[in-house]
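Colleague: Please take me through this model feature by feature, giving the general idea each time and then the case at hand.

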Amino acid sequence: KQGFNSLNFCINDVNELEKVLEKSGYQTKKLHDEQEDDDLMPLRANILTEIRTLAQSTYPEDTLFVHFSCHGTLIDGNPVLITSDTRSQQLELTCLTLDQVIEAMKCGRAKKLVLSLDVCHAGINIGRAIVEQEFVDNVYNKAEGFALLTASTAHQEAFEPPELEHGL
């Protein structure tokens with residue numbers, strides 16, 4: 001990712017989450033940076049396409065669970081996610097807004113929507129302590145009507161201990 005620190009273990013986290021969900025009987029679709037299929041690389045357009053496709057294939061009794069393990073920040077007070085093709089020099093044009101994710105999730109019939117955000121470095125360029133609280137507040141405001149799971153509170157840091165080879 002151009003202009004952003006690398007995350008070392010987010011793919012491990014996504015692989016483990018997939019195992020847990022599949023063991024519980026859920027169908028999964030996984031996008032990550034080590035895909036051989038270009039359509040499954042976590043590029044902004046691919047992510048939105050997959051969420052919309054999944055959402056449109058749901059029934060009212062289904063649960064649509066969407067998980068992100070990536071960087072996040074704020075632009076003009078609005079939470080955004082950093083995808084594989086996001087560029088720091090063109091952040092506003094290349095990021096994925098939380099509004100776009102929510103809109104894509106809502107285009108289906110599923111009545112149970114769960115958004116999970118493991119955004120380890122929210123506001124990394126501006127100062128974590130001040131921006132993280134604002135990021136979390138805005139995420140909750142934008143996600144009204146959803147079950148929202150986050151990796152940490154405004155007073156906690158999510159990190160990747162090398163000995164675990166996973167995020168924490």
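Predicted model: local features only at pLDDT ≥ 70, side-chain atom pairs only at ≥ 80, totals over all residues.

Colleague: How many bridges join strand 2 to strand 3, and which way do the two strands run?

Modeller: In general, strands of a sheet pair through backbone hydrogen bonds, either parallel or antiparallel. Here strand 2 (residues 72–75) and strand 3 (residues 78–81) run antiparallel and are joined by four bridges, where pairing requires that DSSP find at least two. Strands themselves are DSSP runs of E with at least two residues, helices are runs of H or I with at least four, and both are numbered from the N terminus.

Colleague: What is the strand order of the open sheet?

Modeller: The order is 2-3-4, three strands with antiparallel pairing, and the edges are strand 2 and strand 4 (96–97), each of which pairs on one side only.

Colleague: Which residues of strand 2 point one way, and which the other?

Modeller: As a rule, side chains in a regular strand alternate between the two faces of the sheet. In strand 2, T73 and I75 point one way and G72 and L74 the other, yet all are buried; buried means under 20% relative accessible area, exposed over 50%, and partly exposed in between, for a 1.4 Å probe and protein chains only.

Colleague: Which residues of helix 4 are buried?

Modeller: In helix 4 (98–106), the buried residues are L98, V101, I102, A104 and M105. They lie on the same side of helix 4 because they cover an arc of only 160° around the axis, taken from the directions from the helix axis to the C-beta atoms. On the other side of helix 4, E103 and K106 are exposed.

Colleague: Which residues have the most contacts inside the largest nonpolar core?

Modeller: The largest nonpolar core has 22 residues, and I51, F68, L81, V101, M105 and L115 have the most contacts inside it. Helix 2 (44–56), strand 1 (63–70), helix 4 and strand 5 (112–119) are the elements giving two or more residues to this core, and its largest share, five residues, comes from helix 4. Apart from it lies another core, of six residues, including V80, I82, L91 and C95. A nonpolar core is taken as a set of buried Ala, Val, Leu, Ile, Met, Phe, Trp, Tyr and Cys residues joined through side-chain atoms within 4.5 Å.

Colleague: What is the phi of E165 near?

Modeller: Most residues other than glycine have a negative phi. E165, a residue other than glycine, has a positive phi, near 55°. E165 is found in the segment after strand 6 (147–150), and with a relative accessible area of 46% it is partly exposed.

Technical notes: Residues numbered from 1 in each chain as written. Heavy atoms only, no water.
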